[in-house]
Amino acid sequence: MMFKEQIDALRVSFTEELAAARTKEMLEAVRVAYLGKKGPVNDLMKGLRDMTPEERKEAGQLVNTFKGEAETAINEKGRVLEQEALESAIRSAKKFNPTLPSSEDRGSYHPITLIARDVEEIFTTMGFTVEDYVEVTDDYHCFEALNIPKHHPARDMQDTYYIENGQLLKTHTSAAQNHIMKKYGAPLRAIFPGRCFRNEAIDACHENTFFQMEGMMIDKDISISNLIYFMKTMLSAVFGEELMVRLRPGFFPFTEPGFELDISCTICKGRGCPSCKNTGWLELCPCGMIHPNVLREGGIDPEVYTGFAFGLGMTRLAMMKYGVKDIRDFNSGNLRALSQFENE
């Protein structure tokens, strides 16, 4: 049989077998049978070396043409089979019926969402309004309006994420204080929960993304005793029991005096663990009396009004309430862990 007749016969048999392929597996078998190492195309290529140069040139063109046609046909047939499989799956899929009850497990809220709702409800019953504030703010609201001018050493306490346009991701919910004071004036009672960002080293009790809840109360004759009362009332309501707390001096440019409010670690019961850095206490709430400069910047006369402010760590509060030992679990996206917190 002449070489061209061999190619023609090969083309006929290939076309018949390709048409009979109904699955990807059958298509792959055709490809291997004709274009594989043991297939007829490879055998024909080997036979070229026994031909004269003129014969080799013509025969080589015939083989390469057939090989190219076969590869193109196989690829096209593969796309056709994929489309047919997709259409078949759509046809066989069950119709969606929104009236049928779900067979899936119940969804769940994030634990920080649950704790935020609890705290918001508690403060609302005590006459506080719930406000919202942006996550991207400017230097004035995050620092300068809080008595933290440029080059103030307190800025070194917060590793801030700055944006190229000159704005920044808020490092604390205190960034909303000036906005709220100018919005309501005095007297006022307000809380404003939000997400905060700091470029910190991550460990069991530190994250670079965390949640706080800022609170302020401004009126005539407000004192530290008012601050302690509201914080102890809130914590007792959240945990359903009286908690051991301690108030120790703390430095914050926007308070005078300033304090750190700690609670006894509910995970280790005060014995010491990684979550509380083996101290038995967990820093929960920087707080204090609002600095006169901050009141004045917010348009409130510090000679007439005083007030307290606090920055409640919602993420750490959730750790304590639900016994979560590692703060990183909250941002992990691990549904197996987070689905334990059912809707309430």
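How many residues does helix α5 have, and how far does it reach from its first C-alpha to its last? In this predicted model, helix α5 covers residues 111–125, which is 15 residues, and spans 22 Å between its end C-alpha atoms. That reach is close to the 21 Å expected at 1.5 Å a residue. The chain as a whole contains 11 helices and 9 strands, and 42% of its 344 residues are buried. Among contacts in the chain with a separation of 6 or more, 68% are between residues 24 or more positions apart. The points below begin with α5 and then turn to its surroundings.

**Helix α5**

- The buried residues of α5 are Pro-111, Ile-112, Leu-114, Ile-115, Ala-116, Val-119, Ile-122 and Phe-123.
- An α-helix has 3.6 residues a turn, so residues three or four places apart point the same way.
- Gly-127 follows α5 and has a positive phi, near 90 degrees.

**The sheet**

- Seven strands form an open sheet with mixed pairing, in the order β1-β4-β5-β9-β8-β7-β6.
- Its edge strands, each pairing on one side only, are β1 (129–130) and β6 (245–249).
- Helix α5 packs on this sheet and touches β1, β4 (188–197), β5 (209–219) and β9 (306–313). The direction of α5 makes about 5 degrees with that of β5.
- Strands β4 and β5 run antiparallel and are joined by 10 bridges; one of the residue pairs is Arg-189 with Met-217 in β5.
- In β4, 7 of the 10 residues are buried, so this strand is largely enclosed by the rest of the structure.

**Helix α8 against α5**

- The axes of α5 and α8 (residues 224–239) come within 10 Å and cross at roughly 130 degrees.
- The two helices α5 and α8 are therefore oblique to each other, and their crossing is right-handed.
- On the α5 side, Ile-115, Val-119, Ile-122 and Phe-123 take part in this contact. They meet Met-234, Ala-237 and Val-238 in α8.

- Helix α10 (residues 314–322) lies across β5, β7, β8 (281–290) and β9, and runs at about 60 degrees to β9.
- The axes of α5 and α10 come within 9 Å and cross at roughly 100 degrees, which makes the two helices roughly perpendicular.
- In α5, the residues that meet α10 are Pro-111, Ile-112, Leu-114, Ile-115, Ala-116, Asp-118 and Val-119. Their counterparts in α10 are Met-314, Thr-315, Leu-317, Ala-318, Lys-321 and Tyr-322.

**Thr-315, a residue of α10**

- Is Thr-315 buried or exposed? Thr-315, which is found in helix α10, is buried because its relative accessible area of 5% is under the 20% cut-off.
- Leaving aside residues up to four places away in sequence, Thr-315 touches Ile-112, Phe-210, Phe-211, Ile-327 and Phe-330.
- Thr-315 and Ala-116 are 199 residues apart along the chain, yet their C-alpha atoms are separated by 9.3 Å.

**Backbone features**

- Most residues other than glycine have a negative phi, and most peptide bonds are trans.
- A cis peptide bond, with omega about 0 degrees, joins Ala-186 and Pro-187. Pro-187 is in the loop between α7 (177–184) and β4.
- The peptide bond from Glu-256 to Pro-257 is also cis, with omega near 0 degrees, and Pro-257 lies in strand β7.
- Asn-147 is not a glycine but has a positive phi of about 65 degrees. This residue lies in the loop between α6 (139–142) and β3 (168–169) and is partly exposed, with a relative accessible area of 22%.
- Asp-221, another residue other than glycine, has a positive phi near 65 degrees. Asp-221 is in the loop between β5 and α8 and is exposed, with a relative accessible area of 72%.

Methods. Residues numbered from 1 in each chain as written. Predicted model: local features only at pLDDT ≥ 70, side-chain atom pairs only at ≥ 80, totals over all residues. Heavy atoms only, no water. Helix = DSSP H or I, 4+ residues; strand = E, 2+ residues; numbered from the N terminus. Expected span 1.5 Å × (residues − 1). Buried < 20%, exposed > 50% of the residue type's maximum accessible area, 1.4 Å probe, protein only. Pairing = 2+ DSSP bridges. Contact = heavy atoms within 4.5 Å. Axes fitted to C-alpha atoms, helices over the stretch in contact; angles between N-to-C directions. Parallel < 35°, antiparallel > 145°, perpendicular 65-115°, else oblique. Left-handed = near helix turned anticlockwise from the far one by under 90°.
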